[in-house]
Amino acid sequence: MEELPKAEFVVRPDPADPRLTKRVAGIDQTGAPIETSVTVERPLTLFLNGQEIVTMMTICDYPEYLALGYLLNQNMLRTDDRVTDIVYDDEIETVVVRTERPTDFEQKLKKKTLTSGCAQGTVFGDLMEKFGDIRLSSTARLKTSWLAALTRKINTAPSLYLEAGAIHGCVLCREDRPLVYMEDVGRHNAVDKVAGYMWRHGLGPEDKIFYTTGRLTSEMVIKTVQMGIPILVSRSGFTAWGVELAREAGLTLIGRARGRRFVALAGEERIEFDLASGEGDDEPAAHRRKGSRGDDGE
């Protein structure tokens, strides 16, 4: 049975972790010397049982969740699989997942489709393997008051983005509560960390909201649907294929979410407009990030 976290941000980024950022000297536009924080990325090689699967560039703060989520979203790990061991070795930058069921994905790894994710993107062996068979919850709801509260809480929470930038964030939410906040240099990695956490801790997707700082691409839609989450929200904009896939799957797709403002292009029937016109605070300029209308660069 699912045990919901009692506190908000039960998992969140740690900007104070010295492994995740470093200070680098440089100059600014006037030629004056400066020192700034930059995000540290590292390679992580994932093995499933005895088979090497992929090497990812990541900040490596939650390697076990990243490994599980990657395998789940690549359909290499089944939801009913029994994981017998997960071993992370920081020194040789590897993580090994061992399952009770024997696995061999040699043929699957030969068939690769590179998605539009940042950096190396995500390699799917069979991109749409389960997509058409998934049925998202028809009873899930999103109140506009929840959405306004979530954007405020997430954007003001301590994060690597605010410390150093050059990073993406994904947050698993329920109603107006952010539960699990993951960041990484690639949006696909941040999504996979959330998926791994959900599977490891038995969190059901039916009443959840998935928030991302990145663009609403086909990859984001496919992974959200694969996780069974019925509502996807972003600060950023949309791609045409992302919208098409969301409509096909019955996913509620909301972009350009800032304060009480947003645009919904799919699944509008789940939205409850409980904020009156003009009610609720708009997003203060000091809390704005990239991804608003006219700036879909994340």
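**Reading the pocket, helices and sheets**

Modeller: Let's begin with the lining of the largest pocket: its residues divide into nine nonpolar, four polar and two charged. Keep in mind that this is a predicted model.

Biologist: What volume does the largest pocket have, and which residues are the closest to its centre?

Modeller: The volume comes to about 340 Å³. Of the 15 residues that line the largest pocket, Leu-72, Thr-79, Trp-199, Gln-226 and Met-227 are the closest to its centre.

Biologist: Which helices each supply at least two residues of that lining?

Modeller: Helix H1 (63-73) and helix H5 (187-201) do. H5 gives the most, with three residues.

Biologist: How do I read the way two helices pack, and at what angle do H1 and H5 do it?

Modeller: Look at the angle between their directions; 65 to 115 degrees counts as roughly perpendicular. H1 and H5 pack at about 95°, and their axes are 6 Å apart. That is why H1 is described as roughly perpendicular to H5. On the H1 side, the residues making the contact include Tyr-65, Leu-68 and Leu-72, while the H5 side includes Val-191, Tyr-197 and Trp-199. Sorted by class, this contact has nine nonpolar, five polar and three charged residues.

Biologist: At roughly what angle do H5 and helix H6 cross?

Modeller: At roughly 5°, with the axes of H5 and H6 (residues 218-226) coming within 11 Å. Angles under 35 degrees count as roughly parallel, and H5 and H6 are therefore roughly parallel to each other. Arg-187, His-188, Val-191 and Asp-192 in H5 meet Glu-219, Met-220 and Lys-223 in H6. By class, that contact holds two nonpolar, one polar and four charged residues.

Biologist: And how about H6 with H7: which residues make the contact?

Modeller: Geometry before residues. The H6 and H7 axes come within 7 Å and cross at roughly 25°, which makes H6 roughly parallel to H7. H6 brings Ser-218, Val-221, Ile-222 and Val-225, and H7 brings Trp-241, Gly-242, Leu-245, Ala-246 and Ala-249. The classes here are seven nonpolar, two polar and no charged.

Biologist: In which sense do E3 and E6 pair, parallel or antiparallel?

Modeller: Parallel: strand E3 (residues 42-48) and strand E6 (residues 94-99) are joined over four bridges. Thr-45 stands opposite Thr-94 in E6.

Biologist: Which strands stand at the edges of the sheet with six strands?

Modeller: Go through the order again: E11-E10-E12-E13-E14-E15, an open sheet with mixed pairing.

Biologist: Last one: how many bridges join E1 to E2?

Modeller: Seven bridges, with strand E1 (residues 21-27) and strand E2 (residues 33-39) running antiparallel. One place to look is Lys-22, which stands opposite Val-38 in E2. The two strands form a hairpin with five residues between them, and Gly-31 in the turn has a positive phi of about 90°. From there, follow the chain to Val-40, in the loop between E2 and E3. Not counting residues up to four places away in sequence, Val-40 touches Arg-19, Leu-20, Thr-21, Lys-22, Thr-58 and Ile-59.

Terms used:
Residues are numbered from 1 along each chain as its sequence is written. This is a predicted model: local features need pLDDT of at least 70, side-chain atom pairs count only at pLDDT 80 or more; totals for chains, interfaces and linings use all residues. Side-chain values use heavy atoms; hydrogens and water are left out. On a 1 Å grid over the protein atoms alone, a cavity is a set of points where a 1.4 Å probe fits but cannot get out, and a pocket is an open set with protein on both sides within 12 Å along at least five of seven lines; lining residues have an atom within 4 Å of a point. Grid points are joined across faces, edges and corners, and a volume is the space filled by probe spheres set on the points. Ala, Val, Leu, Ile, Met, Phe, Trp, Tyr, Cys and Pro count as nonpolar, Asp, Glu, Lys and Arg as charged, and the others, Gly among them, as polar. Two strands pair if DSSP finds at least two bridges between them. Axes are lines fitted to C-alpha atoms, for helices over the stretch in contact, and angles run from 0 to 180 degrees between N-to-C directions. Angles under 35 degrees count as roughly parallel, over 145 as roughly antiparallel, 65 to 115 as roughly perpendicular and the rest as oblique. Contact means heavy atoms within 4.5 Å.
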